[in-house]
Amino acid sequence: IMNLLANEFVSEFSVDGMDFRKILFDDDVPSFYQVLSENSNVSCYYYWQKIRYKSQDEGDRSIFVFTTQKLRSYLFINDELLRYRNNRSFLKLFSGEAKSQIRTYMRSCKIKVNDAESFVIKDLVEYCEQTVSKKKM
């Protein structure tokens, strides 16, 4: 049995050790994002999407089917939500010496952001936070 709460009454929840929070970015509609890492300069969020569509309509009841879930990965930098899909697009979100240092870190740790485990991405984002913070000093 599953209890479902109305969307307007839920602001955050946890499932299997993953934290989700309803966040409003850029005057868009608030959506639930998985929070991987939140810092002052660089934060990371995952947006999980499934689309529901009606497969059958049988009189007074409808049967719905869901697509497989899709992941969209984002960094929040300088008050802007920026999507990344792979190492190249991840690195494009940084510039100068920070970008170079992050690239070196990713290569030395053999990180591929499109298939890395959440804990690897958390560590990477923490490294990005430290690197960007040093550059602002």
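How many positive and how many negative side chains does the chain have, and how far apart do the centres of the two sets lie? In this predicted model, where local features need pLDDT of at least 70, side-chain atom pairs count only at pLDDT 80 or more, and totals for chains, interfaces and linings use all residues, the chain has 21 positive and 19 negative side chains, with the two centres 10 Å apart. Lys and Arg count as positive and Asp and Glu as negative, while His and the chain ends are not counted; each charge is placed at NZ of Lys, CZ of Arg, CG of Asp or CD of Glu. Residues are numbered from 1 along each chain as its sequence is written, and side-chain values use heavy atoms, with hydrogens and water left out.

The chain contains 3 helices and 8 strands, these being DSSP runs (helices H or I, at least four residues; strands E, at least two) numbered from the N terminus, and their order along the sequence is β-β-β-β-β-β-β-β-α-α-α. The C-alpha trace spans about 65 × 30 × 25 Å along its principal axes. Of the 137 residues, 28% count as buried, which is to say under 20% relative accessible area with a 1.4 Å probe and protein chains only.

Serine 73 lies in strand β7, which covers residues 70-77, and with a relative accessible area of 9% this serine is buried. When its neighbours within four places in sequence are left aside, serine 73 is in contact (heavy atoms within 4.5 Å) with Tyr45, Tyr46, Leu82, Arg83 and Tyr84.

Notes. Buried means under 20% relative accessible area, exposed over 50%, partly exposed in between (1.4 Å probe, protein chains only).
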